[in-house]
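Please keep the sequence and the 3D view open as you read.

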Amino acid sequence: MGRLKQLRNYVDQRLDGLDTERRNGAIVHLYGVSLAATVIAAKRGLDAELLSMAAMLHDLYAYQSGSYDDHAHKGAALAKEILENLGLTDDKETEIICSAIYHHDDKLQVDRPAEEALKDADVMHHCMNDLSKPVKEKEKARFENLCLEFGLNIKNR
């Protein structure tokens, strides 16, 4: 079994204790961002597997704790613990994943390519999962740039 699949199985188990609505929301978001991260990474020449793994973990802390307070930073610490316990990544890969998670909520800041790819994957899912919702102000510029990058004709809502 590949390491992404192992990580997904692990995340699924961690989500099993949540109430049905929160669990379903977590699965939709984590898997959606994971797919978006894979596509974005492949297009940009980045490590698609690592970014997909980062996406699977990026909001796990928030879903488990029920709090988004400082969730990116706390989520990076949780991801490091998980990756070390599972032994799925080496130190450099763990650092890339955890740094992307740590910075993923800083949508107005520009960081390294892996961090940017996770931020963009998160924005893509936020904005495309429900096209009837308005785009958050802090995500507008990123979403517009993603639409240009991928040749998408989605009206800015």
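Helices here are DSSP runs of H or I with at least four residues, strands are runs of E with at least two, and both are numbered from the N terminus. Gly87, with a positive phi near 65°, follows helix α5. The model is a predicted one, in which local features need pLDDT of at least 70, side-chain atom pairs count only at pLDDT 80 or more, and totals for chains, interfaces and linings use all residues. Residues are numbered from 1 along each chain as its sequence is written, and side-chain values use heavy atoms, with hydrogens and water left out.

Let us stay with α5 for a moment. This helix has 16 residues and reaches 21 Å from its first C-alpha to its last, close to the 22 Å expected at 1.5 Å a residue (the expected span is 1.5 Å times one less than the number of residues). Its buried residues are His71, Ala72, Gly75, Ala76, Leu78, Ala79, Ile82 and Leu83; buried means under 20% relative accessible area, exposed over 50%, and partly exposed in between, with a 1.4 Å probe and protein chains only. The cover over these buried residues includes α1 (3-15), α3, α4 and α6, where contact means heavy atoms within 4.5 Å.

Asp70 is a residue other than glycine, yet its phi is positive, near 55°.

| Residue | Relative accessibility | Class |
|---|---|---|
| Asp70 | 38% | partly exposed |
| Glu81 | 46% | partly exposed |
| Asp122 | 2% | buried |

Asp122 lies in α7 (residues 113-128). Leaving aside residues up to four places away in sequence, Asp122 touches His29, Val33, His58, His104 and Lys107.

How do α3 and α6 meet? The axes of α3 (residues 48-57) and α6 (residues 91-103) come within 9 Å and cross at roughly 50°. Axes are lines fitted to C-alpha atoms over the stretch in contact, and angles run from 0 to 180 degrees between N-to-C directions. From α3, the residues in contact are Leu50, Met53, Ala54 and Leu57, and they meet Glu93, Ile96, Ile97, Ala100 and Ile101 of α6.
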